[in-house]
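Work through the following exercises with the sequence and the structure side by side.

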Amino acid sequence: MSAKDTSYGQVLRSSILIGGSSLINIAFGIIRSKAMALLIGPAGIGYLGVYTLIVDLSVCLAGLGVNNSGVRQIAEANSTHDETQVARTAIALKWTTFALGCLGGLALALLALPLSHLTFSDGAFALGIACLGLAVFFRLTAAGQTALILGLRRISDVAMLGILGTAIGTPLTIAIIYFWREDGIVASIVVGTASMLLMSWWYVRKVKIQNVPFGRGELVAEARPLLALGVAFMVGELLTMATAFVVRLLLIQHEGIVGAGLYQAAWTLGGIYIGFILQAMGADFYPRLTEARDDERSNQLINEQTEIGLLIGGPGLIATLVLAPTILTLLYSSEFSPAASALRWICLGMALRIMSWPLGFLPIARGARRIFVSLEIAATVAQLGLTYFLVPRFGVDGAASAFFGMYIWHTAIVYIVARRMSGFRYTAVNLGLISALSVSVVLVLGSFYLMDFWYATLFGVAFTCVISVVSLIAIIQRVPTEDWPKPLRRLIPLAERLRRVGA
């Protein structure tokens, strides 16, 4: 198979673009969090967290998953090269998300008083919660516009949209908090979502969509599949939120608030690096898989995405396993070092996540919403069951190992589903990479039981360097030179020299 018939270059470009965008956004987030922590203190951060959770839940419920189903419908229409159908789907997506945004914002405003009593045991926060209805409207409208850009696979626009929206919103939110302190928390959330809406509108206006006549009946007909598949996405999001909430409740019950904090730190660090890869899958791989017209092409895309994901993600996971205590101490404090073993369990789960995510997109791309929801329910039941059994016995490590155990189950199930849907099988290369990653994990973790801590750390760092070089060489062999971003092309001669030295 020639290089042009594979998607390695596309996977690498999208991973770099979306991953780089995420990295910049995380940097802005750290600056924003640090500034807010200094300006409003722990109590203010607590209020910010509660308000943000209210907005997140409202967006999830009111949005009905249409932003996710919209990506699929736009990508499917785009694959037909029928500009009229693309325009019809885009118009339906625009008005559906606008209507849902209005309804969601209005519903939150109307329920502000009971939500204030439920959340704070006081009605004094009702006005602030009502104002958050604007944030719900802005986020849902922006999500619809971003879904159009994603469905058309304008990956560079998606990356820049996120960067510019955060770059504009961060100084504005800090300024609001600086002048109004806790009284400005709600306004800072609204302004932050407004900046994302502004940027999404700016990039959507660059998309040329046909002006087609569109009656009310046609709008309803186009919106129906968006809502039908979207509800499945909404159920998946709600299950994820509910699982995270119950896990933390169990930890607080058995380990106290400190245990929940240790788990949160391990969870956050365990997901940062892999989050780059998974966001790239969602931004680019999902639309491409939707456009695939036959099983052979679908299976090829899944295998290639998995291959590049393992090559990029493997070294980072090994490094995190080795340096878990150091990373926790550097990014948090020495008080968080007991979470090192939990971080390692979470990293093992993330390794399986790299393998299962491409497979998990197949039912969504095929529009099999019942299968998708069933998979989400099965994963939720597995994680909650394991957490309920393991947390009383092993505490924070029990919750983290439950996450790993859930992904063993989930990876096996999605593989069976993919086999039935498209006849999927891992390529020999992917089986080799999975085996190599498994052996690497055993060697690195085993060294900490067989050697002194510092000797094991030095061995792990050296091993990570070797794995990183091998992965870089493998990626260079798969991706044509012209598909590499220009700033990274200088790595190619270096990797070639290293390969010759190793040979």
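**Exercise 1.** Decide whether alanine 339 is buried or exposed in this predicted model, and state which residues are in contact with alanine 339 beyond its neighbours within four places in sequence.

*Solution.* Begin with the accessibility: alanine 339 has a relative accessible area of 0%, and because buried means under 20% relative accessible area, alanine 339 counts as buried. Then list its partners, which are Leu262, Ala266 and Leu328 once neighbours within four places in sequence are left aside. Finally, take the pair alanine 339 and alanine 266, which are 73 residues apart in sequence and 6.1 Å apart in space, C-alpha to C-alpha.

**Exercise 2.** Carry out the analysis for serine 447, and find how far its C-alpha atom is from that of valine 322.

*Solution.* Serine 447 lies in helix H13 (residues 428-450), and its relative accessibility is 3%, so serine 447 counts as buried. Apart from neighbours within four places in sequence, serine 447 is in contact with Ala456 and Phe459. Along the chain, serine 447 and valine 322 are 125 residues apart, and their C-alpha atoms are separated by 9.6 Å.

**Exercise 3.** Determine how H10 and H12 are oriented towards each other, and describe the make-up of their contact.

*Solution.* Helix H10 covers residues 340-365 and helix H12 covers residues 396-422, and the two pack at an angle of about 20°, with their axes 8 Å apart. Since angles under 35 degrees count as roughly parallel, H10 and H12 are roughly parallel to each other. The handedness comes next: H10 passes H12 in a left-handed crossing. The residues of this contact divide into 21 nonpolar, 7 polar and 2 charged.

**Exercise 4.** Identify the residues that touch the most other members of the largest nonpolar core, and follow the contacts of leucine 289.

*Solution.* The largest nonpolar core has 89 residues, of which Leu251, Tyr263, Leu289 and Ile318 touch the most other members. Helix H8 (residues 216-291) contributes the largest share of this core, 17 residues. Leucine 289, not counting residues up to four places away in sequence, touches Ser298, Leu301, Ile302, Pro358, Phe361, Leu362 and Ala365. A second, separate core of 26 residues includes Val59, Val136, Phe138 and Val186.

**Exercise 5.** Summarise the protein chain as a whole, asking how many helices and strands there are.

*Solution.* The protein chain has 15 helices and 0 strands. Of its 503 residues, 50% count as buried. Among the contacts in the protein chain with a separation of 6 or more, 80% are accounted for by residues 24 or more positions apart.

Key: Residues are numbered from 1 along each chain as its sequence is written. This is a predicted model: local features need pLDDT of at least 70, side-chain atom pairs count only at pLDDT 80 or more; totals for chains, interfaces and linings use all residues. Side-chain values use heavy atoms; hydrogens and water are left out. Axes are lines fitted to C-alpha atoms, for helices over the stretch in contact, and angles run from 0 to 180 degrees between N-to-C directions. Helices (H or I, at least four residues) and strands (E, at least two) are DSSP runs, numbered from the N terminus. Angles under 35 degrees count as roughly parallel, over 145 as roughly antiparallel, 65 to 115 as roughly perpendicular and the rest as oblique. A crossing is left-handed if the near helix is turned anticlockwise from the far one by less than a right angle, and right-handed if clockwise. Ala, Val, Leu, Ile, Met, Phe, Trp, Tyr, Cys and Pro count as nonpolar, Asp, Glu, Lys and Arg as charged, and the others, Gly among them, as polar. A nonpolar core is a set of buried Ala, Val, Leu, Ile, Met, Phe, Trp, Tyr and Cys residues joined through side-chain atoms within 4.5 Å. Buried means under 20% relative accessible area, exposed over 50%, partly exposed in between (1.4 Å probe, protein chains only). Contact means heavy atoms within 4.5 Å.
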